Amino acid sequence: MRIEDVICPFCGCLCDDLVVEVQGTTVVSVENGCTLAHEKFTGDNRLQAPIKRDGRTWHPVSYDEAIETTAQILLEADRPLLYGWSGTNGEAQSIGVHLAELLGAVIDNTSTVCHGPSIMAIQEVGHPGCTLGQVKNRADVIVYWGANPIEAHPRHMSRYTTYADGFFVKGAFLERKVIVADVRETETSNIADEFMHIEPGGDYAVLSALRAIVRGKADIIPSYVSGVAREQLVRVAEMCMNAKFGAIFFGLGLTMSRGKYKNIRNAVELTEELNRFTKFTISPMRGHWNVYGSNEVFTWISGYPFAVDFARGIAFYNPGETTSIDILRRGECDACLVVASDPGAHFPKQCCRHLAEIPTILIDPHVNVTTHLSHLQIPVAVTGIDSEGTAYRMDGVPIRTRMLYKSRYPSDREILEKIYQIVLKEKGP
Amino acid sequence: MKSVLYYIKEFARREWFSKFFTARTAPLESPPYFRDFPVLSGKTCTHSLFCMMACPAPGAIDVLRTPQGWQPRIHKGHCIRCGLCVEACPNGVLTSGRILDSTGRDGTALSFSFKIRVDPELCMGCGNCAVACPVNKVIDTQMSHGGRASNEGLLLRVNEGKCLVVHEEKCTGCKTCEHHCPNEAITVARLLEAVQAGEEMQ
């Protein structure tokens, strides 16, 4: 069966133009999708049934037993942590927040290790952003700062920015300038018109220098700012000021380097300065598939986008205190439910060690690094392949994903709903 | 002093002076086999750029858009007058010496063909090549507006997560794909062959 207009379930681009060939319960070919999309659809490392750790071995358990065990572990915990959520749909995330509220748990998503600082900066100074459609149709200057879309979002340049013909930019890359700022040469910098090679940790200074130039203070800039020559800074600033429409995209190279959220604040303020001359926007390169959706869903329900602590009976948010890394590092949490993500592959060693010591339950379709830290794993359908649901693109556009074939696995939503019902029965409304 | 007088007597002869100032040589004429800088023949340029591709001298030729249409322009400081541009042009837009006469008489031509190679180990399937490709832009606007392949006749497309060369025969050798591949995964080889009439079509 050939299915058109399929939404990719991998990165934040949520490409919605894939053509997928399905035979039975197997995806046999993927057209238009990048390598990451192809592997996501055709990968076959699914866990076949729920598994429970028994000493140094695993043994399969039924879904009912796995759900009951999960609910009991969460009910018995004093400080449970519900982490992940970026690989699943908004409906499941919604149940997750309600479950956290019922349990008095901390619920956090993968923003905590990616664009959490971006959100904190946006809470301070706002977000002069736009949808990717606007960038595609209008932008003639594209800036990638601390981001390498060719590796992480392979189709970003061909679908939304540099190479796509736009309504007002007919000549695509012939009319567009691409500026890359990074601490190393990357695949993206290979095809950039201007590459600012910044010394590690120097982003804040370079952003400040650009702001000074935009404000007409180029004469106070020293010869080099964090490894970038003054002449290049002036050239880049003029390129941006002379743009008809500019768009900055920033990645973890900016959010997770020295300065963290202050870097993003500075970048947003640079965007504001540039808007004195032309139209300029700034957007984060959200990586995990529906991580933007988890921020949205958490915010609708609790008022906060990530690291929400319900221990006080009300939603409490204090990054650095209620974020997963800090809770695990302090050895504070005594049970962890990981949904649709892989903290084992991304968290510091100390946090992973604590995850292995406490009862950690993983709800994820695939065997991943976190499996090896877990006590129980419940395999589920993959949203966008054999389960449907709503996901948010990196620019905040909600897209309804499709179920390509009837799955033999339950969806995350069904599993979480059952856990919620057991907890609700115990805790009362 | 004696030797000075000897030399004056030897060289300051009247015959020598008269021959020096009244010498007559044959007028300078370019021989028929002489190959000068290429000039426009008056035929219409179709912007295939084969002249630029064949030219071995950097910066010797470019093709400009003029009010009269596309026109090749020779930079004499760089041109080595090899005549390859004249032979490679499929429309005979340039001429130099007897090149066009002899190729027309012998039925010979320089023929270009292009081979595209994609390294699947390096290709990320980003689609920059297929979206930027000027041949694809003409064939499928959905491709040029974001990478969705909606036409079977595309030169390049992304399939199974990798760039796929579908209709290599449509390649014009512009190397846009090669220049915009971030992973250096795609290379275009320009093959220039000397062929005789009839061979080109085989």
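**Exercise 1. Describe how helix 13 of chain A is placed against its strands.**

Step 1. Locate the helix: helix 13 of chain A covers residues 291–302. Helices (H or I, at least four residues) and strands (E, at least two) are DSSP runs, numbered from the N terminus.

Step 2. Find what the helix crosses. Helix 13 lies across strand 7 (106–109) and strand 15 (308–309) of chain A. Contact here means that the C-beta atoms of two residues, placed from the backbone, lie within 7 Å.

Step 3. Read the angle. Helix 13 runs at about 150 degrees to strand 7 of chain A. Axes are lines fitted to C-alpha atoms, for helices over the stretch in contact, and angles run from 0 to 180 degrees between N-to-C directions.

A note on the source: this is a predicted model, where local features need pLDDT of at least 70, side-chain atom pairs count only at pLDDT 80 or more, and totals for chains, interfaces and linings use all residues. Residues are numbered from 1 along each chain as its sequence is written, while chains are lettered from A and ligands numbered from 1 in the order in which they are written.

**Exercise 2. Work out the strand order and the edges of the nine-strand sheet in chain A.**

Step 1. Write the order: 5-4-19-18-17-6-7-15-16. The sheet is open and its pairing is mixed. Two strands pair if DSSP finds at least two bridges between them.

Step 2. Strand 5 (57–60) and strand 16 (316–317) each pair on one side only.

Step 3. Take one pair from the sheet. Strand 6 (residues 80–84) and strand 17 (residues 335–339) of chain A run parallel and are joined by five bridges. Tyr83(A) stands opposite Val338(A) in strand 17.

**Exercise 3. Which strands of chain A stand at the edges of the five-strand sheet?**

Step 1. Start with the order, 10-9-8-13-14, in an open sheet with parallel pairing.

Step 2. Pick the edges. Strand 10 (194–197) and strand 14 (279–284) each have a single partner strand, so one side of each has no neighbour in the sheet.

Step 3. Check one pair. Strand 13 (residues 245–250) and strand 14 of chain A pair in the parallel sense over six bridges. The bridge partner of Ile248(A) is Ile282(A), in strand 14.

**Exercise 4. Divide chain A into domains and describe their contact.**

Step 1. Domain 1 is 46–113 + 289–427, and domain 2 is 116–284. Such bounds come from an automatic or database domain assignment.

Step 2. Count the contact. Domain 1 gives nine residues and domain 2 gives seven residues.

**Exercise 5. Is chain B spread out or compact?**

Step 1. List its elements: chain B has nine helices and eight strands.

Step 2. Compare with the rule. The radius of gyration of chain B is 27 Å, well over the 17 Å that the globule rule gives for 202 residues, so chain B is more spread out than a compact globule. The radius is taken over C-alpha atoms; the rule is 2.2 Å times the number of residues to the power 0.38.

Step 3. Look at the box. The C-alpha atoms of chain B fill roughly 100 × 45 × 35 Å along the principal axes.

Step 4. Check confidence. The mean pLDDT (the predictor's confidence in each residue, from 0 to 100) of chain B is 91, and 98% of its residues reach 70 or more.
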